[in-house]
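Please walk me through this protein in the viewer, one selection after another. Tell me what to select and what is there.

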Amino acid sequence: MSGRQELLPAVLPGVDRAWSRSVSAVDSQGVRRTWHVLDSGGAETAGERRYVGTLLCVHGNPTWSYLWRHLLARFSQPDAPRWRVVAVDHLDMGFSERTGTTRGLAQRIADLGTVTDALGLTGPVVTVGHDWGGAISLGWALRHRAQLRGVVLTNTAVHQPNGSPAPALIRLARLPGILPAVTVSTPTFLRATLALANPSLPAPVRDGYLAPYLTPDRRAAIGGFVADIPLTPEHPSWSALADVAQHLETLAEVPALLLWGPRDPVFGDAHLRDLRTRLPHAQLHRFEGAGHLLAEDADVADAVVRWLTDLDRPTPADRPTPAPEPSREPAVSWRPLWAALEERADDRRVALVELAQGGRQVSWSLLWRRIREIAAGLSTSGVRRGDRVALLVPPGADLTAAVYACLRIGAVIVVADPGLGLAGMNRALRSAAPAYIIAIGPGLAAARVLRWPGRRLGAGRGAAVLGSLTLGKLARLGAGDQELPPAPEPDDDAAVLFTSGSTGPAKGAVYTHRQLAAMRDVLSDLGLDPGAGIVAAFAPFALFGPALGAPSAIPDMRVTAPRTLTAAALAEAAAAVDASAVFASPAALRNVVDTGGALDSRQRAALEKVGLLFSAGAPVPATLLAQARALMPGAQPHTPYGMTEVLPVTDITLDEIVDVGAGDGVCVGRPLPGVQVAIAALDPSGEPAGQPGCAPGLTGEIMVRAAHTKDRYDALWLTERVSSRNPGWHRTGDVGHLDPDGRLWVQGRLAHVLVTSDGVLTPVGIEQQVESLAQIARAAVVGVGPRGLAQVVVVAETRPPVPRPRPADRELADAVRAVVAPPVVAVLLVPALPTDIRHNSKIDRSRLSRWAERVLAGGRLNGL
């Protein structure tokens, strides 16, 4: 039986008091107990809102059902899916009865069943669990399969992975004599848990969590829960937890969602990896920056709404089959990425030259032999199909051999550019969760200090000191005519490639073997002839040269700093392979132009043989391409457009750029063969709306369909859902338009669109107008103020640069306003605009916007 009871304090932010009720029932021990629940649908009667199911929310320790108030509020809204939300306070926790008994895991699971029976929950039910409530909710789910519709878990665990220590907070609390002092006698453990929220909880919310636990007698179960965590087989709750863990495989057909806060000192990456192993079908989204109290740090309610909406949609088999889209004709048979290398197994001509290694040359035959040996060595050492292998090795023979060895045996390569910086690398590798890491000395040291997941394998000189196995040892282990495992299937995962992180935390884009092969094929459409020499001064193409069958030279430069490429280094690389094609990022190309005066006659002659120049990764000014062509007079400069998720998309030559002339944005040319580009128009709020179209002049989000588009984002279910919500299309996050001749113009990032009182503005065209002034070297347009009422601010670098940030003088500010159509409230000058690490050219407009808003509010000019 159940009824309403005035248990809650008078002030409790975020809670509708109508949700509060008590439930009385006889527990499994034959004793009548009373639970407190928050129930969004307890008053439902015939003729009122009908529910399609129930979300059963189970809190952990030391919280209570207040943790789930955002879910209750969201599902109480009229536009929410018609699901009832029931959040239960465990006995002796929250505002439930204080029994004075010790209740272990098995009893807690039984208690939850007692409550749901008393409430008459017959299904369908989706369990939602956090912390120790995760194990309890899963225990309930396993006992109520007939009622179960799905499982949602947030920062929890069902097993302490081998070799992983128990959480420090738990170990500290369980020290002899400490447990009662920090959990019961004082609210230390409770306050320490609440302090994990990011950002910090407002005082009224913190008080709401503390409300049921104001005295030691009301905190007894907090200590009991900590004591009930089984760390050894001798613990009374060990068998109950093991039973839950061992039977999760029986939920293979039950939809599951894992929502995770990576900044969690309680449940870390090892616990998440364990859950993913036990629920491999589960959707996963990691909320970067969020931690243990995920429901406070991130919008869990919105994620659950979206997930439930997808559950209610027809399955693909139920949907009508769309009309086929025009695309590249499928190949008669799939050609693996390593095919060109295998076909040249007896070719003693040069395949690869490393200028940073004194001009070391590697033949096709040696390269393929090395690939086979490392592949066999990896297989013998335990690397299996589907295992993820992170590669922290600079472009060169070692990286090439390791990449193709992994691909050949079906291991999934994880490529996180060192240009992400140490913090970005840390986030990326923890997200990808590789089983192995192959790295040079600094990477091995970082992996050890930061405790990156994966067994460590060394590459390069000095690596043997830090890694028990090296590529050399693996090659010796795999020497001879050992048979390799069967090749992977075309639709098996092949790679996780991380984005630059220039527009937020780097995302891992997952590619299948078929998609990587399609990327190789579209690169060949750019005019690269097999056998033609390539200078790969842009990391993505250092790996595709061998796949194209093209001898490749890697110039002497720091890959993490593109601006270190000099004209002389480029020329030496071109001479080494008699190159007819050059790939270089815009930042690298800028330094090549700036150092071109130091070339000698031999180096100039080598560059004069180049017929194709490619620069990609960020918009490339026509003036820079023209200056580069002056050094390579026989080359036709190309600037392909694309991104980590689909590269390349379009292409344009310098001659076409000149012919097209100025416009609103940067013209990036026409789609390559097999690629479709469309535009999702922006509505008045600046958001894309409707279906993709190709009407000329329509500004909106750029959408791409191609065989070489990534398969999905890794561990970012929500992000992938948005990216591919138009089936078959990738939403790029860029905005632009198509002109009447089918050329694409990029006008900026969707995140940087300004929504003013006069309408929606895209930044790039305005920036180009500002950059037409002789004094302006580079400009960024940002908005300050609320969306819909944003004011335009111009932040610029000048010629010569200013020594420190300052407002522009009146003359320059007036000149800027004279060439820009929308009103400009301020013009600020900086020594250098902040850019991404990888390309040194993508302007961080979000950071500039925050800085400008602070400055215009009276803050200091420094701190950019």
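The tour begins with the whole chain and then moves through single sites.

**Whole chain**

Start with everything selected, and keep in mind that this is a predicted model. The mean pLDDT of the protein is 90, and 94% of its residues reach 70 or more. Now select residues 43–47, where the pLDDT is below 50; beyond near neighbours in sequence, this stretch has six contacts in the model. Residues 315–332 also stay under 50, with 11 contacts beyond four places in sequence. Where pLDDT is low, the predicted coordinates should not be read in detail.

The protein has 30 helices and 37 strands. Along the principal axes, its C-alpha atoms fill a box of roughly 95 × 75 × 55 Å. The radius of gyration is 30 Å, which agrees with the value near 29 Å that a compact globule of 864 residues would have. Of the 864 residues, 57% count as buried. Among contacts between residues at least 6 apart in sequence, 68% join residues at least 24 apart.

**The aromatic cluster**

Select Trp 64, Tyr 66, Phe 95 and Tyr 209, which ring pairs link into a cluster. A search of the whole structure finds five aromatic pairs. Trp 64 and Phe 95 are buried.

Next, look at Tyr 66 and Tyr 209. Their ring centres are 5.0 Å apart and their planes stand at 75°, so this pair is edge-to-face. Tyr 66 is in the loop between β4 and α1, whereas Tyr 209 belongs to helix α7 (residues 203–210); the pair links parts of the chain 143 residues apart. Tyr 66 has a relative accessible area of 0% and is buried. Tyr 209 counts as buried too, at 0% relative accessibility.

For another arginine over a ring, go to Arg 344, which lies over the face of Trp 364 at 5.3 Å from the ring centre.

Which residues of helix α9 (residues 238–247) are buried? Select Ala 240, Leu 241, Val 244 and Ala 245, which are buried there. They cover an arc of only 135° around the axis, so they sit on the same side of α9. An α-helix has 3.6 residues a turn, so residues three or four places apart point the same way. On the other side of α9, Ser 239 and Gln 246 are exposed. The cover over the buried residues of α9 includes α2, α3 (132–143) and α10 (269–278).

Move on to α10. Its buried residues are Asp 269, Ala 270, His 271, Leu 272, Asp 274 and Leu 275. These are covered by elements including β7 (148–154), β8 (256–260), β9 (283–286) and α16 (421–432).

**Pro 167**

Select Pro 167, in the loop between β7 and α4 (168–173). Pro 167 is buried, with a relative accessible area of 10%. Not counting residues up to four places away in sequence, Pro 167 touches Gln 160, Pro 265 and Val 266. Phe 267 is 100 residues from Pro 167 in sequence but 6.9 Å away in space, C-alpha to C-alpha.

**Backbone details**

Where does the chain hold Pro 124? Pro 124 is found in the loop between α2 and β6 (125–130), and the peptide bond from Gly 123 to Pro 124 is cis, with omega near -5°. A cis peptide bond also joins Leu 647 and Pro 648, with omega about -5°; Pro 648 is in strand β25 (residues 646–651).

Asp 92 has phi near 75° and lies in the loop between β5 and α2, where Asp 92 counts as buried at 6% relative accessibility. Asp 131 has phi of about 55° and is in the loop between β6 and α3. At 7% relative accessibility, Asp 131 counts as buried.

How values were computed. Residues numbered from 1 in each chain as written. Predicted model: local features only at pLDDT ≥ 70, side-chain atom pairs only at ≥ 80, totals over all residues. Heavy atoms only, no water. pLDDT = per-residue confidence, 0-100. Contact = heavy atoms within 4.5 Å. Phe/Tyr/Trp six-rings, centres within 6.5 Å; stacked < 30°, edge-to-face > 60°. Buried < 20%, exposed > 50% of the residue type's maximum accessible area, 1.4 Å probe, protein only. Helix = DSSP H or I, 4+ residues; strand = E, 2+ residues; numbered from the N terminus. Lys NZ or Arg CZ within 6 Å of the ring centre and 35° of its normal. Arc of directions from axis to C-beta. Rg over C-alpha atoms; globule rule 2.2 N^0.38 Å.
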